[in-house]
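Hi everyone, thanks for making time this morning. I'd like to walk you through one structure, so let me put it on the screen.

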Amino acid sequence: MAELKIAHYLNQFFGQVGDEDEADLPPQQKDGPVGPGEALDNALGERAEIVKTIITGDGYFNENKARAREKIKEFLQESDVDMIVAGPAFNAGRYGMACGGVAEIAAELDLPFVGGIYPENPGYDMYKKFGYFIETGDSVGSMRKGIADIAEFIADYIDADGSPGTPEEAGYLPRGIRKNFFREERGARRAVDMLVKKIKGEEFETEYPMPSFDRVDPQPAVPDLGEALVAVVTTGGIVPKGNPDKIEASSASKFGKYKLNGVQDLTSEEFETAHGGYDPVYANEDPDRVLPIDVMRDLEEEGEIGELHEYYYATVGNGTSVANAKAFGKEIGEELVRDGVQAVILTST
Amino acid sequence: MVKEIEKAGLPVVHVASILPISKTVGANRIVPGKAIPHPLGNPELSEEEEKKLRRKIVGKSLEALRNDIPEQTVFEW
């Protein structure tokens with residue numbers, strides 16, 4: 001007697017109904033395993049069996065999401081299953097999205113879900129928190145290994161009584177779920193151990209991988225700064241008094257463009273900082289401490305720079321999303337180029 | 001933001017209070033700021049001294065703009 005009863009979700013192709021011509025197939029159900037389900041059923045041996053297969057066209061699922069979900073949910077509620085398995089979808093986008101949608105249904109029904117997917121498939125990132133996605137290759141060529149890995153995970157899942165452990169321990173793709181636990185050694189000890197290893201040139205494993213940033217080739221030097229139009233930009237939040245554009249103190253959603261109107265020196269009467277991430281006292285007293293207009297004007301007069309651009313740009317660099325910062329920088333850069341600016345000084349706090 | 005402006009075709013100097021951030025994110029021309037709340041100032045100095053300091057930092061920035069650099073360079077002052 002098998003321990004676990006499984007419903008297996010497949011698309012129209014793996015469900016052996018048809019190919020692209022059947023992509024608009026509404027949800028169907030069949031008893032027992034179909035196609036790759038048979039291999040999975042075999043691999044599971046006595047531990048589990050596929051009692052039902054649900055097949056839906058990839059096009060249908062993605063274009064009639066509500067109806068597809070409703071029907072599939074109905075099928076599942078009618079059946080007596082303990083777990084839902086979907087795919088493997090490899091890198092097929094619509095199929096991956098459908099499997100992800102099925103994971104969401106499983107979560108609603110309080111059923112465990114296991115799917116096979118290639119990590120770049122958008123369905124993984126979108127639905128990863130609803131179930132366990134096992135990594136596969138990007139094409140059907142990796143079917144055999146995919147099925148074997150899924151079967152192994154399910155067996156381990158049963159053994160672990162439904163608590164398989166971390167992605168690394170149990171062999172599934174990260175779900176983005178944060179679970180607090182206590183380590184044996186305290187953080188300070190672990191940090192020092194890691195540092196000592198690093199200094200010694202030994203291998204160590206970070207507890208938190210840092211994002212990687214791309215590089216931009218440096219632009220050539222300004223040929224004649226004394227003739228150049230120079231602009232200043234700041235992320236230190238220096239704005240006209242009253243913050244007319246209401247730039248947020250944190251997580252700025254915008255930047256401001258302000259005309260200097262011949263201003264020679266920033267004063268506390270006319271300017272302030274909108275930045276909520278540093279002590280504003282000094283910047284409010286004298287905004288030149290963040291946006292050095294006074295010195296720029298002196299240098300302009302002395303001929304060290306050709307001209308200070310009549311506009312400056314400001315935003316608040318406090319918890320600004322990388323996406324927003326990129327977008328601001330892009331727009332500002334384009335405008336500055338259009339306005340004939342040749343060099344930029346960007347100040348940050 | 002610095003990188004995007006540079007991508008648009010303009011040499012940029014980043015006057016940055018927090019050097020490791022500027023370096024990690026990948027600004028090319030970097031001038032260290034004096035401190036987070038006043039990258040181009042020092043409230044402990046007299047007004048005159050402070051302006052001299054600000055001028056020094058901006059001066060370094062201009063130097064950075066006048067120089068071709070093969071890779072990320074911090075222009076210390």
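Let's start with chain A, whose secondary structure comes to eleven helices and 13 strands. Please keep in mind as we go that this is a predicted model. Chain A has 349 residues, and 40% of them are buried. If you take the contacts in chain A with a separation of 6 or more, 72% are between residues 24 or more positions apart.

Let me pick out one helix, H6 of chain A, residues 143–159.

Which residues of H6(A) are buried? They are A:Gly146, A:Ile147, A:Ile150, A:Ala151, A:Phe153, A:Ile154 and A:Tyr157. Looking down the axis of H6(A), you find these buried residues within an arc of 160°, so they line one face of the helix.

What do the buried residues of H6(A) pack against? Their partners in chain A are helix H1 (36–44), strands S3 (48–56), S4 (83–86), S5 (113–117) and S6 (132–135), and helix H7 (167–170). After H6(A) comes A:Asp161, with a positive phi near 60°.

Where does S13(A) find its pairing partners? Within chain A, S13(A) pairs with strand S7, residues 229–234, in the parallel sense over five bridges. One of the residues involved is A:Ala231, whose bridge partner in S13(A) is A:Val344. S13(A) also pairs with strand S1 of chain B, residues 12–16, again parallel and over five bridges. There, A:Val344 stands opposite B:Val12, and A:Ile345 has B:Val13 as its bridge partner.

That brings us to the contact between the chains, which takes 46 residues from chain A and 40 residues from chain B. In chain A, helix H9 (281–285), helix H10 (293–302), helix H11 (322–338) and strand S13 (343–348) each supply at least two residues of the side that touches chain B. H11(A) gives the most to that side, with ten residues. By class, the side of chain A that touches chain B has 26 nonpolar, nine polar and eleven charged residues.

In soluble globular proteins, nonpolar side chains tend to be buried together. Here the largest nonpolar core has 54 residues, and A:Val344, A:Leu346 and B:Ile5 have the most contacts inside it. Helix H3 of chain B, residues 47–66, gives the most to this core, with five residues. Which residues does B:Ile5 touch, leaving aside its neighbours within four places in sequence? From chain A there are A:Gly329, A:Ile332, A:Gly333, A:Leu336, A:Val344 and A:Leu346, and from chain B there are B:Leu10 and B:Val12. Apart from that core lies another, of 49 residues, including A:Val34, A:Leu44, A:Phe90 and A:Ile117.

How values were computed:
Residues numbered from 1 in each chain as written. Chains lettered and ligands numbered in written order. Predicted model: local features only at pLDDT ≥ 70, side-chain atom pairs only at ≥ 80, totals over all residues. Contact = placed C-beta atoms within 7 Å. Helix = DSSP H or I, 4+ residues; strand = E, 2+ residues; numbered from the N terminus. Nonpolar A, V, L, I, M, F, W, Y, C, P; charged D, E, K, R; others polar. Pairing = 2+ DSSP bridges. Buried ≥ 20, exposed ≤ 12 C-beta atoms within 10 Å, placed from the backbone. Expected span 1.5 Å × (residues − 1). Arc of directions from axis to C-beta. Core = buried A, V, L, I, M, F, W, Y, C linked by C-beta atoms within 7 Å.
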